[in-house]
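Here are my notes for you, in the order I'd read them. Keep the viewer open as you go.

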Amino acid sequence: MKAITLLGSTGSIGTQTLDIVTQYPDQFRIVGLAAGNNVEMLAAQIRQFRPSIAAISAQEKLPELQAAIKDLDPQPILLAGTSGVIEVARYGDAETVVTGIVGCAGLLPTIAAIEAGKDIALANKETLIAGAPVVLPLVEKHGVKLLPADSEHSAIFQCLQGVPKNGLRRILLTASGGAFRDWDVAKLAEVTVADALKHPNWSMGRKITVDSATLMNKGLEVIEAHFLFGLDYQHIDIVIHPQSIIHSLIELQDTSVLAQLGWPDMRLPLLYALSWPERIYTDWERLDLVKAGNLTFREPDHQKYPCMQLAYAAGKAGGSMPAVLNAANEQVVALFLDEKIQFLDIPRCIESVCDRHQNHNSSNPSLDDILAADKWARQEVITLAHKLKSPTKVIPLYSTTP
């Protein structure tokens, strides 16, 4: 039975991971849980899974959580705040830590888990995008495994099983195209938050759904794929695949192309990250290619999705630039979700912030450099928002979402 700690337990990744644990109680057990601010859901999870330790990121909600489970015996260790989440990440005999915290808030807990010798099921792409210069050396130093748990990178990882060293030639990341794949570019000026949250294929959190609508999620995945699989950016391509049946493909040196297929279901990559190198039998709906019908592909529209090119540019710049890109995107998406800026302001703000960072890019950033770049980028977005006559507050670096 594998011992698991779950960070971001009340979010989309977290609840689907717990679905797997529920379905396979003889395979997995929960050691620790950490969540953002959803006391009611976290308390219910603690009652069901009986972790040894749990934390809520919202410090002020700790008394409410304590009251919600005061009748439990034995009581788990209850913590709060960023330090509490970090302690959960490094705690006890958990073999694998699932990092389902949204955004750059997952960076420090992931580092703590790695330093404690835990394998990482990586569902938080920002950890590598912002922190790869620090995270990857730690992974090597501590001899832990970093296993992708999102659908695209899991697909690549699955296709690579058995491929000889230096056999990989190209990665093809598939993208659904998000909420606006069939919209005319001219209509994007009219986009509302409700429009952006209508993903055609996947059920995901609000932030990642907006990232899918801008295709920034795919740009971020390009950067992550570069760090995970070691290919240069010119060998990582994006293709629009509206059906979301092929989750990504690899091309080998001899031009053979391998693909991983399945229904759009995040439980599959999560289960593989938890069970690798084994394959666990499931009773989930099996892929029926006749039912799936036509599988189609098209080039992404760069006029509609400028965030893709911004991500490629930031990745190629390297250093602290990907951290700036990621932080600017997190902040500007939060402003959009709060209806403080317009949809088309998202790429404009990100491009402006990245441009301002060019002369300050740290080529070999330390953790402190990355955190400083993150903080600076968020404040720059706020400054731009004020210029747009949209005053708002800075989104804290280490906030987690329920």
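This is a predicted model: local features need pLDDT of at least 70, side-chain atom pairs count only at pLDDT 80 or more; totals for chains, interfaces and linings use all residues.

1. Over which residues does pLDDT stay under 50? That would be residues 390–402, for which the model has 45 contacts beyond four places in sequence.

2. Numbering starts from 1 along each chain as its sequence is written, and side-chain values use heavy atoms, leaving out hydrogens and water.

3. An unreviewed UniProt entry puts the feature "binding site" at Asp150, Glu152 and Glu221. They span 72 residues in sequence, yet no two of their C-alpha atoms are more than 9.6 Å apart, so they gather at one spot. UniProt positions follow the numbering used here, feature names are shortened, and annotations may be inferred rather than shown by experiment.

4. Asp150 is buried, at 8% relative accessible area (buried means under 20%, exposed over 50%, partly exposed in between, with a 1.4 Å probe and protein chains only). Not counting residues up to four places away in sequence, Asp150 touches Glu221, Lys125 and Met266, among others.

5. Glu152 is buried too, with 11% relative accessibility. Beyond its neighbours within four places in sequence, its contacts include Glu221, His247 and Ser248.

Methods
pLDDT is the predictor's confidence in each residue, from 0 to 100. Contact means heavy atoms within 4.5 Å.
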